[in-house]
Structures are given as C-alpha cells and as structure tokens.
Amino acid sequence: MFIVQGITPLSMTISIGGCILVVVGLMDDAAKSRGADFPVWPRVIAYMGVAAIPLLFDIRIEGLTGPHGMIFFPYWLGVVSSIIWVFALINMINFIDGVDGLASGVATLSSFTLFIAALIKQQYPTALLAIILVAACAAFLFYNFYPARIFMGDAGATFLGYALAVTAVDGAFKSATLVTVAVPLLALGVPILDTAVVMLRRLISGKGLHRADKLHTHHVLMRWGLTQIQTVSFIYLVAALFSLLSLILLLALS
C-alpha cells in the first residue's frame with residue numbers, strides 16, 4: 001500500500017492498528033506456547049483501542065444513502081457502530097481459527113468479495129487493500145491447509161479481522177443503501193453467523209462469553225463425523241455462496 005499509494009489515512013490505519021494487534025497477539029501466542037492463559041482484559045482493552053484507530057483517520061460508518069440522498073448518522077452513532085464493527089470482526093476471525101486452513105480460506109473469499117465490490121463502486125484505494133489481503137491469505141493458505149505446516153495464531157487472526165473490518169468500513173459500508181448494507185454482512189457471513197450461534201449457545205448454557213469451547217461450527221461438523229478437509233471444504237462452500245449472493249445483490253442494485 002505504501003509503495004503504490006504512499007502515506008494515506010487507509011495505509012496508516014492498517015499499519016498502526018495492525019502492528020498493535022500483532023504485538024498483543026504474539027504475547028498471547030507466547031503465553032499459550034508455555035501452557036499459560038494470557039489475561040482477557042488486556043486483550044479486550046487493546047482491541048477496543050485499536051477499534052478506535054480508524055476514527056482518528058476519519059474512517060467510519062457515516063450513514064446510509066436513501067432515495068432522497070445521503071442520510072447521515074449522528075456523529076456518536078457513527079463512532080459507536082464503527083467501533084463495535086471493528087471490535088467484533090477482530091474477534092470473529094480469531095474465533096473461527098480453530099481448524100487448519102479455515103480462517104485463512106474464509107478471509108481469502110471475503111477479501112476477494114470486498115475487492116470486487118470496491119471495483120464496482122470505483123473505490124480503488126480500498127480495492128488495493130482488499131487484493132493485497134487476497135494475495136497474502138492465499139499464499140499463507142498454501143502452507144496452512146491441512147496438514148498445516150504453519151499457523152497464524154492470535155497475531156495473524158486478529159490482524160486479519162481488523163484489516164477486513166477496515167476494508168468493509170472504507171468500502172462496502174461507504175455510501176451503502178439500506179439494502180446494500182447486507183453486502184459486507186454477507187461477504188463476512190461465515191464468521192458473523194458462527195459467532196452469533198456460539199454466543200447464543202454460551203448464553204443459554206451459562207458459560208462465559210470469552211471462554212474457549214467446542215461449540216463452533218467446525219467443531220460441530222467434525223463431531224458429526226466429517227474430516228478436517230471435509231469440514232473446511234463445506235465451510236468454504238458456504239462462504240462462497242454468501243459472497244456470491246452479496247455480489248449479486250450489489251450488481252442488481254447498482
């Protein structure tokens with residue numbers, strides 16, 4: 001991004017927030033490698049702080065495009081919704097990183113969908129970020145697919161979630177209509193749906209929302225008897241269908 005575009009709000013947002021997440025993620029991964037648990041609250045505080053970084057560079061959800069022009073959100077609503085979105089995606093991609101190749105593959109499909117959406121809307125800086133993510137995730141997936149020879153850990157998963165969230169805010173959410181808000185939600189449908197189902201199950205069972213468990217979609221599919229490759233391939237298919245639906249929706253309404 002720096003080579004092609006130089007110093008821009010988007011490149012600075014990704015660089016600063018991404019570096020913080022990688023450092024925190026490496027600390028978490030180092031603790032796990034020793035069989036210890038990294039405290040949850042320092043991570044939550046770091047993630048909330050990073051979720052606010054796009055706001056420093058005026059990257060936020062501003063409103064919706066209606067039949068009579070742009071409907072701007074109150075400033076506080078744009079700030080709150082942007083922070084919640086970024087914070088949620090950071091955690092969602094981290095949550096699905098439980099099987100070889102799953103997070104990197106889903107991120108590849110989601111990034112490619114956001115790339116196409118940005119091209120359709122002629123948002124070329126956002127398209128550049130999205131295609132860089134596609135290339136990085138696809139290259140990583142070559143070594144991360146089962147049986148994995150390399151793992152992304154929290155450092156990689158949280159960075160990917162942040163980058164995807166910022167890409168969506170700067171691209172698909174910008175000038176979105178009430179209907180095309182569904183485009184980024186569908187493009188990232190797998191981690192969003194998986195997290196929603198898991199959180200609902202944890203609430204019903206009375207478990208802590210931050211506690212790791214075996215309630216994620218990939219865990220359930222493997223308990224049903226699917227192999228790792230079959231599980232990941234099935235979730236890829238679902239992600240691809242979500243992505244295709246989002247692009248059809250965007251093309252139909254553009």
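**View 1. Contacts across the chain of a predicted model.** Of the contacts in the protein with a separation of 6 or more, 73% are between residues 24 or more positions apart; a contact means heavy atoms within 4.5 Å. This is a predicted model, where local features need pLDDT of at least 70, side-chain atom pairs count only at pLDDT 80 or more, and totals for chains, interfaces and linings use all residues. Residues are numbered from 1 along each chain as its sequence is written, and side-chain values use heavy atoms, with hydrogens and water left out.

**View 2. The fold from start to end.** Here you can find 11 helices and two strands (DSSP runs numbered from the N terminus: helices are H or I, at least four residues; strands are E, at least two). Along the sequence, the pattern reads α-α-α-β-β-α-α-α-α-α-α-α-α. The C-alpha atoms fill a box of roughly 55 × 40 × 35 Å along the principal axes.

View 3. How much of the protein counts as buried? The share is 48% of the 254 residues, where buried means under 20% relative accessible area, exposed over 50% and partly exposed in between (1.4 Å probe, protein chains only).

View 4. Look for K214 in the loop between helix 9 (189-205) and helix 10 (217-223). Is K214 buried or exposed? K214 counts as exposed because its relative accessibility is 56%. Leaving aside neighbours within four places in sequence, K214 is in contact with H219 and R223. G98 lies 116 residues from K214 in sequence, yet their C-alpha atoms are 9.5 Å apart in space.
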